[in-house]
Every structure is written in C-alpha cells, then in structure tokens.
Amino acid sequence: MPTWKADAIADLLLGEIAAGVFRPEQVLPTEHELMERFDASRGSVREALKQLEVHGLVEARRKRATVAV
C-alpha cells in the first residue's frame, strides 16, 4: 500500500491507463480536476504525474496538457 498520496494517485492513474480508460494520445484531466478528484494538493498531483512521466506512461505537452503514451 502506498504511503504517500502521490504514490496512491500514480497507482490509480496507472491502473486506468492499463485498463484503457486513457488511451494513447488521450489528454488526462487537468491538475485542478485531479486535485478535486483525489482531494489532494497540487504538489501531490504533480508528483504523481511526474512519476508516470519518468516511467514513460504519460507525456507532458505544451500548454500544460498531459497525455497518455
């Protein structure tokens, strides 16, 4: 079980990507939407997205869009 909120968010988003909820090139919800969904701080959401980006599962694009890879 993840101990940090960012880890939990990353795990949930990873599961959704693996399940096809977010297909390749599909834009993920905004940071604000994810903050509300997970009742999390902006820092936790950003860290979760960064974890997914480091593992090649999402890509940050210009104008702050994050897409599934």
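Visitor: Why is Lys-50 called partly exposed?

Guide: Lys-50 has a relative accessible area of 45%. Buried means under 20%, exposed over 50%, and partly exposed in between (1.4 Å probe, protein chains only), so Lys-50 counts as partly exposed. This is a predicted model, where local features need pLDDT of at least 70 and side-chain atom pairs count only at pLDDT 80 or more, while totals for chains, interfaces and linings use all residues. Side-chain values use heavy atoms, without hydrogens and water, and residues are numbered from 1 along each chain as its sequence is written.

Visitor: What makes Lys-50 and Glu-53 a salt bridge?

Guide: The term asks for a side-chain nitrogen of Lys or Arg within 4 Å of a carboxyl oxygen of Asp or Glu. In this pair the closest N and O atoms are 3.8 Å apart, so Lys-50 and Glu-53 form a salt bridge. They are 3 residues apart in helix α3, and therefore separated by about one helical turn. Helices here are DSSP runs (H or I, at least four residues), and strands are too (E, at least two), numbered from the N terminus.

Visitor: How do you know that Glu-16 is buried?

Guide: Its relative accessibility is 16%, so Glu-16 counts as buried. Its side chain meets that of Arg-37 in a salt bridge (2.3 Å, N to O). Arg-37 lies in helix α2 and Glu-16 in helix α1, so the pair ties together parts that are 21 residues apart in sequence.

Visitor: And why is Thr-66 called buried?

Guide: Thr-66, in strand β2 (residues 66-68), has a relative accessible area of 13%, so Thr-66 is buried as well.
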